[in-house]
Amino acid sequence: MAERKLLKRETYCGAVREEHVGRTLTVYGWVNNMRELGGLTFIDLRDREGLLQIVVNETFARPDQLKCIGKETVLAVSGRVVARAKPNSDLPSGRVELIASDIEILAASEVPPFVPENRGNVSEELRFRHRYIDLRNLGMQKNFKLRSKVNLRARNFLDKEGFLDIETPMLTNATPEGARDYLVPSRIYKGKMFALPQSPQQFKQLLMVAGFERYYQITRCFRDEDLRADRQPEFTQIDIEMSFAEHDELFSIIERLVREIFTLRGHDVTLPFRRMPYKEAMEKYGSDKPDLRIPYQIQDFTDESGTWNSDLLNAARAKGERIKGLVIPDAAGFSRKQLDEINETGKKLGGRGVIWMKKADDGFKSSLKVAPEAIAAFFEKRRIAPDSLVLLVADAEAQALLLAGKLREFLGKKFQDKNRMEFLWVTDFPLFFFNEEEKRLDSNHHPFTAPRPEDIPLLDSRPLAVMAIAYDLVLNGVEIGGGSKRIHDITLQKKVFQMLNLADREIEEKFGFFLTALKFGAPPHLGIALGFDRLLMLLTGEDSIREIIAFPKTTSSLCLLTGSPSVVSQRQLDELGIAIK
């Protein structure tokens, strides 16, 4: 057996350029493609930086070796770099090629279930089952190089702003929303459980009590909930907390951090970001994370509907329902088929249907039995352009806004340019909402969120009117961060716990250590957590965070690569003192 050469990376395949012409190099990589033409063999060798064309000509000493090389075989190729007679403008290395003098097969490959460059035509299930092949795709490699750079850029920025990177525990106690916790049984203390953190919330607040003043961590968090395109059971967030500051200062830091990150993709982010109270966001857009690229706003047509003599709308108003709507410019030409599709979409979104009004060639028309003159008068009063389409929904105020908001997103898809970045701070959230299912108050953010000082007197008499010092950062209709000012007064914190229907014993068991800390000089503090994966998703223009997480779970929380979650042996269960029902 020939003596094996020592491995030494000289340059990447994708980094070979015209300045290397005349040099003898050794490159390493995977066979992306292989073809024969006119007595020559061409191999496209791929590494993380791109492709390089290898030419095997008649001077190659071991032509029989080529029979052992297939797609995804790992090679070391030595040879001389020459200029290509016919440059390939699609490749950064396309003006050069390497004439092979020696090829070493470092690892053979069976016929792969798919090839990386064709991943777009492969099912997600197959890609996730062989994720290591999926990740060889150069687009995916680009995503993860960017992820690494964003991580470093964020760390350098926060370090310069005086924040300290401090790790917090991965094994901790369960949260008040315990149904979403991933539990870890203790072998030593049978019957007791750790929980993986949904957030380092209490620990980062304790670091403020400890006097560190500015903390950050790019940390993993865990949440056992149904998945969507922008959710995973384990995810990464940029976690930030600071003392002796107000939200304006925090907003400025986060805006400059985001601008730094987005320069990595050439985006010129304009500061400061727009701000909008939660109430305004819901009334205008039917969402607490509105996509500002879509120009439509929700309008209230309840009063006007009283002049239309519609039994349907009169009955809705009699029940206290509101008539909300959208005016869609240049849409009067929608066909009956398109209008029927909108109506069906409204039903699928949870409404009873969508009413339309428009001007046609033969006068004003509607899906309601409304006199054309009444519609014409309505268009004139509201100064609605005659080429517009009006869409209406009727329901209780909150439900009507939500439905109109979903319709707005559905109809506004054509405006969702991935290169346009519309940032928004949504502020002034209610501190609580009423959980209809459990008939009790719940926190809108979390139970450590501070109410506005002027609203504290309302806690007993009108708790749903209490506003929080809380804020979300939204980009193009996606929440990429959320935070608040924290309660640092023990009496107020106990009061909020009690309002959330937590018994004194439960408060002591779950939060006793935290409340004790508040007795010993807790400074005013506030913070935020930015969804690192969601940021990357928007930065790369991907449609799912699964494309920027190396080993993601499926939408049903399965890891197809490793087969987890998996059945464990009875011996392990016995050792942990666990019985499965």
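Is Arg180 buried, exposed or partly exposed? Arg180 is partly exposed, with a relative accessible area of 41%, where buried means under 20% relative accessible area, exposed over 50%, and partly exposed in between, for a 1.4 Å probe and protein chains only. The model is predicted, so that local features need pLDDT of at least 70 and side-chain atom pairs count only at pLDDT 80 or more, while totals for chains, interfaces and linings use all residues. Residues are numbered from 1 along each chain as its sequence is written, and side-chain values use heavy atoms, with hydrogens and water left out.

The side chain of Arg180 meets that of Glu225 in a salt bridge at 3.7 Å, N to O, the term standing for a side-chain nitrogen of Lys or Arg within 4 Å of a carboxyl oxygen of Asp or Glu. Glu225 lies in the loop between strand 9 (214-222) and strand 10 (234-243), and Arg180 in the loop between strand 6 (164-165) and strand 7 (183-185), so the pair ties together parts that are 45 residues apart in sequence; strands here are DSSP runs of E with at least two residues, and helices are runs of H or I with at least four, numbered from the N terminus. Glu225, at 16% relative accessibility, counts as buried.

A second pair, Glu234 and Lys553, forms a salt bridge at 2.7 Å, N to O. This pair links distant parts of the chain, with Glu234 in strand 10 and Lys553 in the loop between helix 14 (532-540) and helix 15 (570-576), 319 residues apart. Glu234 is partly exposed at 24% relative accessibility, whereas Lys553 counts as buried at 14%. Across the whole structure, a search finds 51 salt bridges, and one network of them links Arg119, Arg127, Arg131, Asp134 and Glu547.
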